[in-house]
Amino acid sequence: MNNMRRVALGFSCMVLAMLTGWPLSVQALSDVAQVYAPASGISIAPGELVSTENAGAGEVTPADTTNGQGLAGISVASGQAVVSVAAGAPAQSVTVVNGGTASVYVSTLNGAIHRGDRISVSPIAGIGMKAAVGLYTIGTAEADFSAGTSPVTYQVPKVAGGTQTVHVGSIPVAILVGSGIAASEQSGVIANLQSVAAVVAGHQVSALRAVLSFVIAVVSVGALIALIYGAIHASIVAMGRNPLARRSILRTLTQVMATACLIVAVAAVVLYFTLR
């Protein structure tokens, strides 16, 4: 229901913009936002990835590979969200969106970023990078970014010693918070399953959960088809042999339909907990 409301709200804003001639900027497409307080002693700039992990209640801190599990979204200026939920907002507040499109700080730490690449947390706090296997992702890049795109550099320590120079800048990203795997590590089938699962769940879904959900759905549909077809076929045969058994046949069909409804309910619950 929340996803439907967000889609309807975003669509209404787009239609209004087209009718009134307002420009459709990246900021105007940001989704419903939540207002948090920055963790004690921490300053968060618009465009940074933020996490609730290792932060106090109602607080966020810049996200990196150590706290990506609590990835909350992207910090934006308060006027960049379509709707901002700010009831009881703290004096020092951070507006965070977890849907829509927003400008995000990224780096070349995991290589150049191309349009369509997934963006994940990185070892640099608040800065995203081209997604690496197993890291939590924030969304999909809508523009390219490479060393030649931005003159701003950042020195990152290497495991073997010394430092690595990476370029840092801002690009528009379609926000969809969740855990994921870099696209280069996926097959086309699994990537498609993840895309479908993300649409259904409203957030990104790992490859394992996407495949498991697909198997559950296929098995459930197969069981329903076999059950209903078998019951109808048997009923037709029984009716032809003994027309007086109509009441008994209808009772059996009712039981079969009840069983089918139970299978659908169980499958829906299992899929819900698999995709949540």
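Visitor: Why does Gly128 count as buried?

Guide: A word first: this is a predicted model. Gly128 has a relative accessibility of 0%. Buried means under 20%, so Gly128 is called buried.

Visitor: Where is Gly128 placed?

Guide: In strand 9, residues 128-130. Gly128 and Thr108 are 20 residues apart in sequence, and their C-alpha atoms are 9.0 Å apart in space.

Visitor: What makes Gly41 buried or exposed?

Guide: The relative accessible area of Gly41 is 85%. The cut-off for exposed is over 50%, so Gly41 is exposed. Gly41 is found in the loop between strand 1 (33-38) and strand 2 (49-51). From Gly41 to Thr61 there are 20 residues in sequence and 10.0 Å in space, C-alpha to C-alpha.

Visitor: Why is Asn54 called exposed?

Guide: Asn54 has a relative accessible area of 64%. Exposed is over 50%, so the label holds for Asn54. Asn54 lies in the loop between strand 2 and strand 3 (59-62).

Visitor: What is the phi of Asn54?

Guide: Positive, about 65 degrees, although Asn54 is not a glycine. Most residues other than glycine have a negative phi.

Visitor: How do you know that helix 3 is roughly antiparallel to helix 4?

Guide: By the angle. Helix 3 and helix 4 (residues 246-275) pack at about 180 degrees, with axes 10 Å apart. Over 145 degrees counts as roughly antiparallel, so that name applies to helix 3 and helix 4.

Visitor: Which kinds of residues make the contact of helix 3 with helix 4?

Guide: They divide into 21 nonpolar, five polar and two charged.

Visitor: Why is Met239 called partly exposed?

Guide: Met239 is in helix 3. Its relative accessible area is 31%. Partly exposed lies between the 20% limit for buried and the 50% limit for exposed, so Met239 is partly exposed. Met239 and Ile249 are ten residues apart in sequence and 7.6 Å apart in space, C-alpha to C-alpha.

Visitor: What label does Val218 get, and why?

Guide: Partly exposed, because Val218 has a relative accessible area of 45%. Val218 is also in helix 3, which spans residues 207-241.

Visitor: Which residues make the nonpolar surface patch?

Guide: Val211, Phe214, Val215, Val218 and Val219, with about 410 Å² in the patch. Patch residues need over 30% relative accessible area. Val218 has 45%, so Val218 passes that cut-off.

Conventions
Residues numbered from 1 in each chain as written. Predicted model: local features only at pLDDT ≥ 70, side-chain atom pairs only at ≥ 80, totals over all residues. Heavy atoms only, no water. Patch = residues over 30% accessible without salt bridge, like charges linked within 9 Å, V, L, I, M, F, W, Y side chains within 5 Å. Areas by Shrake-Rupley, 256 points an atom, 1.4 Å probe, with all protein chains shown as cover. Salt bridge = Lys/Arg side-chain N within 4 Å of Asp/Glu carboxyl O. Helix = DSSP H or I, 4+ residues; strand = E, 2+ residues; numbered from the N terminus. Buried < 20%, exposed > 50% of the residue type's maximum accessible area, 1.4 Å probe, protein only. Axes fitted to C-alpha atoms, helices over the stretch in contact; angles between N-to-C directions. Parallel < 35°, antiparallel > 145°, perpendicular 65-115°, else oblique. Nonpolar A, V, L, I, M, F, W, Y, C, P; charged D, E, K, R; others polar.
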